[in-house]
Each structure stands twice: as C-alpha cells, then as structure tokens.
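Here are a few notes to read alongside the structure, written as numbered points.

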Amino acid sequence: MGYSGLYKGLTSPLLGCMAENATLFSIFGIARSMLGSHEHSLNNSVGGAMVAGGVAGVFVTFVLTPVELIKCRLQVQSGGHTPLYKGPIDVIVKTVRQDGIRRGLFQGTAATLLRELPGNMAWFGVYEGLCQFMTNGQPKETLKTSQLMIAGGLSGAAYWTAFYPADTVKSVMQTDPARARVGFLTVLTGMLREEGFRSLYRGWGLTASRALVSNALLFLTFERVDRLLR
C-alpha cells in the first residue's frame, strides 16, 4: 500500500470537513441568535450553547453521513487486491446503483445522528463553559490565544470521548456488508456480545489526541475570523 495509503480517501473527508464546519457554525449561530440577544438570555448561557449545538448536530448529520460513508469505503479497500472503487465519485455511483440514495448513501444516518446531536451539545457546551470559566464574567475577546486553544481542544476531546461508540457502530454499518442492512441497536448488541465493550472504543486514543490539536486550532481560527468580520 505504501505511504500514499495513509491518505487514501483524503478528498472526501477534506471536502466533507469544509461542508461540516460551514454547516455547524452557520446553524449554531442562527439557532443561538434565536434564543435572545439581551445579556441574561439563554443565548449567552452554557445551556443555550448546548441547545444551539444540538440543533446544528441534527442538520450536519445529513451532510456527514454520505461523506463519511464514502471515506470509510475508500479507506477499507485492501491494497493487495483490485480496488472496488476508483474514487469518491465511483463510490457514489456504485452505492446508489446498488442500494439507492436512502439505503445507500445515507446508510448509518441514525448512528450519525446519535453521535452528532448529543456530541455537538457537548462540544459547544464544554467550549462555552470553559470560556466563561476562564473569562470570569469578562467578554470572550479578553481570552488569550492559549486559553482559546485549551477550551477548543478539551471540547473536542469531550465530544469524541462521550459518543465514540456511536461512531464505531456507524463505521461498521457502512463498511461491513454483513451488517449493512441491520439496525443500529442490532449492530451495537452484536459487537458487545462478540467483541466486548472495549471494541466500541477501538482507536479512541488516536482520535481523541487528534481532536485535541485539531479542535484547538479550529476554535482559535473561528474566534479570530469572527472578530475580523464583525
């Protein structure tokens, strides 16, 4: 497979990441603004951030499900055999042809929703809570770069720690033909019975470590750009 195999399926997650974050922060901002604008409104609370994050999580589910399905199917192709798919477009065409759009491209939607809705409530909620703790009543603009990165990094780790099992089940549903047409709970109970609880957190360490770095940079960039655009 070689070094290039580490980047197999990069195009899909890269484009998906752009679409995901554009959707997340846009819907989050809209939902939060609807909660009120005065100083003591729900908009300015941790609870408000969690509610808006949950709304954003619902919307982003329908962006992420097909993107992650494409990414997973490209990444599990064995380098020792003729690849089943030539690229992201080929995955889309063959998946739709075989299973249609709803049962094909959107396979694993329920699992993704179970990850994204509570996951984004935790993501935005932890970030807002940490920012409020570190500002001690002062405007968020007073936070230093290091403080924004700490809040962002820890919120990313919280997201993946709390709801990682849902992501594991989703990936299995999207890549294992034997489990492709069964429900989320059936796959979950089957994994617990056959492989144990630890199987649900397979690969968590690397994912959480990556989330610390990526989300630290993500929230720092968001806050800096947001300030420039005001």
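This is a predicted model: local features need pLDDT of at least 70, side-chain atom pairs count only at pLDDT 80 or more; totals for chains, interfaces and linings use all residues.

1. Of the 230 residues in the chain, 42% count as buried.

2. On secondary structure, the chain has 8 helices and 0 strands. Read from the N terminus, the order of elements is α-α-α-α-α-α-α-α.

3. Helix α5 spans residues 109–135 and helix α6 spans residues 145–175; the two pack at an angle of about 170°, and their axes are 8 Å apart. Since angles over 145 degrees count as roughly antiparallel, α5 is roughly antiparallel to α6. The crossing of α5 and α6 is right-handed. What residues make up the contact of α5 with α6, by nonpolar, polar and charged class? They divide into 19 nonpolar, 7 polar and 4 charged.

4. Next, the aromatic residues: the structure holds 13 aromatic pairs. One of them joins phenylalanine 25 and phenylalanine 219, with ring centres 5.8 Å apart and planes at 80°. Because planes over 60 degrees apart count as edge-to-face, this pair is edge-to-face. Phenylalanine 25 sits in helix α1 (residues 11–33) and phenylalanine 219 in helix α8 (residues 204–229), so the pair ties together parts that lie 194 residues apart in sequence. Both phenylalanine 25 and phenylalanine 219 are buried.

5. A further pair is formed by phenylalanine 28 and phenylalanine 124. Are their rings stacked or edge-to-face? Their centres are 3.9 Å apart and their planes are at 10°, so the pair is stacked. This pair also links distant parts of the chain, with phenylalanine 28 in helix α1 and phenylalanine 124 in helix α5, 96 residues apart. Phenylalanine 28 is buried, as is phenylalanine 124.

6. Last, the cysteines. How many disulfides does the structure hold? There are 0. Cysteine 17 has 37% relative accessibility and therefore counts as partly exposed. Cysteine 131, at 2% relative accessibility, counts as buried, because the cut-off for buried is under 20%.

Methods:
Residues are numbered from 1 along each chain as its sequence is written. Side-chain values use heavy atoms; hydrogens and water are left out. Axes are lines fitted to C-alpha atoms, for helices over the stretch in contact, and angles run from 0 to 180 degrees between N-to-C directions. Helices (H or I, at least four residues) and strands (E, at least two) are DSSP runs, numbered from the N terminus. Angles under 35 degrees count as roughly parallel, over 145 as roughly antiparallel, 65 to 115 as roughly perpendicular and the rest as oblique. A crossing is left-handed if the near helix is turned anticlockwise from the far one by less than a right angle, and right-handed if clockwise. Ala, Val, Leu, Ile, Met, Phe, Trp, Tyr, Cys and Pro count as nonpolar, Asp, Glu, Lys and Arg as charged, and the others, Gly among them, as polar. A disulfide is a pair of cysteine sulfur atoms within 2.5 Å. Buried means under 20% relative accessible area, exposed over 50%, partly exposed in between (1.4 Å probe, protein chains only). Rings of Phe, Tyr and Trp (its six-membered ring) pair if their centres lie within 6.5 Å; planes under 30 degrees apart count as stacked, over 60 as edge-to-face and the rest as tilted.
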